[in-house]
Amino acid sequence: MATAASTAAAPSTAPAGQGVGPLLRAWRERRRVSQLELALRADSSARHISFVETGRSRPSEEMVLRLAEHLEVPVRERNALLLAAGYAPRYPETPLDDPALDAVRAGMERLIQGYEPYPALVVDALYDVQAANRGIAMLLEGVPQELLAPPLNAMRLTLHPRGLAPRIRNLREWRGHLLAQMERQIALHRSAALRALYEEVAAYPVPEEAGAAGAGGPDADRPYPYFALPLLIEHDGRVLSFVSSISTFNTPMDVTVAELAIETFLPADPATVKYLQSLAL
């Protein structure tokens, strides 16, 4: 499993007291955008961008938000930029159980339940599971209770040697995919909590017999090609095959909502479809 701690547990790690200029420069360099290109996107000038980055000019609140938008800065980090520039945060961080987010929670529940019998779940910025359907519950059958205690974490459940890892037929490939996904998130969010989670799960031992799909792997004789890296996982003596898709909210105006991700698992072969549909009867 896995996709994007509690939403309050992935704070910006911008150095205290650092001005907005160096932070904006760091985001621009991370996006590999020149000062001139950013200026053209933001209807400004390269000279002004240079002055902002060196602290010779204080950007307006509107300019901070405009530059952040063109640099695709995450919502949480936009608040950090505003604070560094001396402005109040623009985006609230509403707890997911707040009544103000009732419509969001209800919508996500309907979505993942409507996806049954196929697995689907909702995770936050630290891959803590906020909602899951019966397809996910099926995959978790037999996992030790201590791994199922709240907060349920998708990365721990998937990669822990007493979690789903022993059941994943192509564990080395799937593990590599998940760790690379986490590395991209760490580069984007600069979260110390996410880094700690990564170091924990990356240190989990990988069994010598862990399989890898592809040439010479345990599923090399399958008669159909995969269009994306599959998750090959055993359930009740059968090997089920899934490819995953991750969805996020467009133009979120709340940090909590911005950091939610809905992951759905699409059956990747006819046998998996037939088996899951038989369980739903």
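Mentor: Let us begin with a turn in this predicted model: in the hairpin formed by E3 and E4, two residues lie between the strands, and Asp 236 takes a positive phi near 55 degrees.

Trainee: How many bridges join E3 to strand E4, and in which direction do they run?

Mentor: Strand E3 (residues 231–235) and strand E4 (residues 238–247) run antiparallel and are joined by five bridges. His 235 stands opposite Arg 238 in E4, and E3 is mostly covered, with four of its five residues buried.

Trainee: What describes two packed helices?

Mentor: Two packed helices are described by the angle between their axes and by the distance between those axes. Here, helix H1 (residues 20–30) packs with helix H5 (residues 75–84) at an angle of about 150 degrees, the axes being 8 Å apart. On the H1 side the contact is made by Val 20, Leu 23, Leu 24 and Trp 27, and on the H5 side by Glu 77, Ala 80, Leu 81 and Ala 84. Sorted by class, this contact has seven nonpolar residues, one charged residue and no polar ones.

Trainee: Which residues of H6 are buried, and where do they fall when seen down the axis?

Mentor: The buried residues of H6 are Val 104, Met 108 and Ile 112. Seen down the axis, they fall within an arc of 55 degrees, and so they line one face of the helix. Among the elements that cover them are strand E1 (120–123), strand E2 (129–132), helix H12 (255–258) and strand E5 (261–267).

Trainee: What does the face of H6 turned away from its buried side carry?

Mentor: That face carries the exposed residues Ala 103, Arg 110 and Gly 114.

Definitions and conventions
Residues numbered from 1 in each chain as written. Predicted model: local features only at pLDDT ≥ 70, side-chain atom pairs only at ≥ 80, totals over all residues. Heavy atoms only, no water. Buried < 20%, exposed > 50% of the residue type's maximum accessible area, 1.4 Å probe, protein only. Pairing = 2+ DSSP bridges. Axes fitted to C-alpha atoms, helices over the stretch in contact; angles between N-to-C directions. Contact = heavy atoms within 4.5 Å. Nonpolar A, V, L, I, M, F, W, Y, C, P; charged D, E, K, R; others polar. Arc of directions from axis to C-beta.
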